[in-house]
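Subject: Structure handover

Hi,

I'm passing this one over to you, as promised. Have a look at it first, then read on for what I found.

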Amino acid sequence: GRAAKPEDAERAGPRPATMALVENEDALHDVNVVKNKQKRNEIVRKIKKKRKAAKKADKEKRQKLLKEQGLPLPKPQTIESKRTHDETFVAKDDPEILEEESTDEFADLLSGTEPPSLLITTCPKPSKATHTFVKELECVFPFSTYKKRKETTLVSQVVEYAIDQGHTAVMIINEDVKQVDAMTLIHLPHGPTLSFKLSSLRLSHSIFGHGKALRDNFPELVMNNFRTRLGRRIGRSLRSLFHTKPMCHNRQVATFHNQRDYLFFRHHRYVFEKRKEKVKASESETGEPKTQTKIQTRLQELGPRFTLKLLHIQKGILNWRHGEFEWCSTQDNKDSEKGYNRRTYVL
């Protein structure tokens with residue numbers, strides 16, 4: 001007779017040993033007995049899928065049992081919930097912190113006695129993407145003005161010009177290889193200076209279903225999860241760029257959300273829409289369905305969208321040579337006794 005071919009074995013179906021591997025969940029280490037790589041990978045996928053389904057069923061069974069007993073469901077463990085306790089955590093109504101903030105650099109701006117005025121500029125020879133980003137920032141920050149920077153203009157000259165014009169802050173957008181990568185915020189006239197790394201930038205035209213932001217508008221401001229003393233200071237610095245009395249009728253909202261020391265910025269408009277829905281008629285009425293008008297609310301993103309990472313805070317005006325740093329993002333700021341800890345944050 002003729003010799004057996006591999007095709008004949010495939011037509012005959014899987015071997016009994018192969019089926020046993022799938023049935024036994026603990027046989028994942030025995031998969032190497034299957035010489036065919038494609039068959040071996042398929043068996044591994046089936047075993048993992050079976051394990052995942054069994055784990056899910058066990059979880060649902062435990063949750064059902066807890067509900068029957070009237071016990072609360074266990075909360076999922078995340079990096080945020082396991083965050084290392086920081087001694088600088090402060091309460092919102094801490095009298096010591098409130099007294100200190102009443103005399104800091106941002107007190108006059110946040111009290112409404114002095115309106116904010118922001119000067120936005122860029123690095124010399126900005127790219128088209130940087131120029132577009134600055135134009136969109138003008139719609140985010142009220143009382144902002146863009147000033148083109150020449151190649152020979154130093155940062156100190158920009159600061160002097162801003163002070164003469166009565167601006168309260170200067171924002172410098174930097175780029176690398178025609179990609180926006182940094183933001184420097186200088187508060188006038190006595191500082192401080194904050195430097196951020198900027199990433200994950202998406203302009204308005206690249207956001208699906210985006211709207212058009214109003215130029216002369218005071219948006220509502222939302223600050224989330226600034227819990228430490230340093231975080232409150234960063235939050236007050238960003239809040240001082242916005243007007244204290246927003247125009248709520250324009251329905252625009254600017255959000256700074258802090259998560260794991262990353263500041264996520266979003267710019268939205270909440271929209272009210274009237275929609276007609278069919279309502280089933282009661283038995284006493286005619287069988288024809290009626291329509292009822294309901295008002296629904298949704299969010300429309302305006303852009304831009306970006307993420308900030310604090311690099312350092314410098315006292316006074318920016319001075320790389322002789323400046324005194326209030327805080328720097330270094331490895332020493334992490335849990336120094338146990339080494340690097342991914343659950344330790346500063347904001």
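Below are my notes on the strands, one lysine and a cavity.

Before anything else, bear in mind that this is a predicted model.

I'd start with strand 3, residues 169–176. Six of its eight residues are buried, so the rest of the structure largely encloses this strand. Strand 1 (residues 118–122) runs parallel to strand 3, and five bridges join them; L119 is bridged to V170 of strand 3. Strand 4 (residues 179–187) pairs with strand 3 in the antiparallel sense, over eight bridges, and I172 has T184 in strand 4 as its bridge partner. Strands 3 and 4 form a hairpin with two residues between them. Take a look at V177 in that turn: its phi is positive, at about 55 degrees.

Next, K147. You'll find K147 in the loop between strand 2 (144–146) and helix 7 (155–164). Setting aside neighbours within four places in sequence, K147 is in contact with L119, I120, T121 and Y161. K147 and L119 are 28 residues apart in sequence, yet their C-alpha atoms are 7.0 Å apart in space.

Last, the cavity. Searching the whole structure turns up one cavity of 30 Å³ or more, and the largest cavity holds about 30 Å³ of space. Its lining is F141, M171, M183, L238, L241, F256, F306 and L308. That makes eight nonpolar residues, with no polar and no charged ones.

Cheers

Conventions: Residues are numbered from 1 along each chain as its sequence is written. This is a predicted model: local features need pLDDT of at least 70, side-chain atom pairs count only at pLDDT 80 or more; totals for chains, interfaces and linings use all residues. Side-chain values use heavy atoms; hydrogens and water are left out. Helices (H or I, at least four residues) and strands (E, at least two) are DSSP runs, numbered from the N terminus. Contact means heavy atoms within 4.5 Å. On a 1 Å grid over the protein atoms alone, a cavity is a set of points where a 1.4 Å probe fits but cannot get out, and a pocket is an open set with protein on both sides within 12 Å along at least five of seven lines; lining residues have an atom within 4 Å of a point. Grid points are joined across faces, edges and corners, and a volume is the space filled by probe spheres set on the points. Ala, Val, Leu, Ile, Met, Phe, Trp, Tyr, Cys and Pro count as nonpolar, Asp, Glu, Lys and Arg as charged, and the others, Gly among them, as polar. Buried means under 20% relative accessible area, exposed over 50%, partly exposed in between (1.4 Å probe, protein chains only). Two strands pair if DSSP finds at least two bridges between them.
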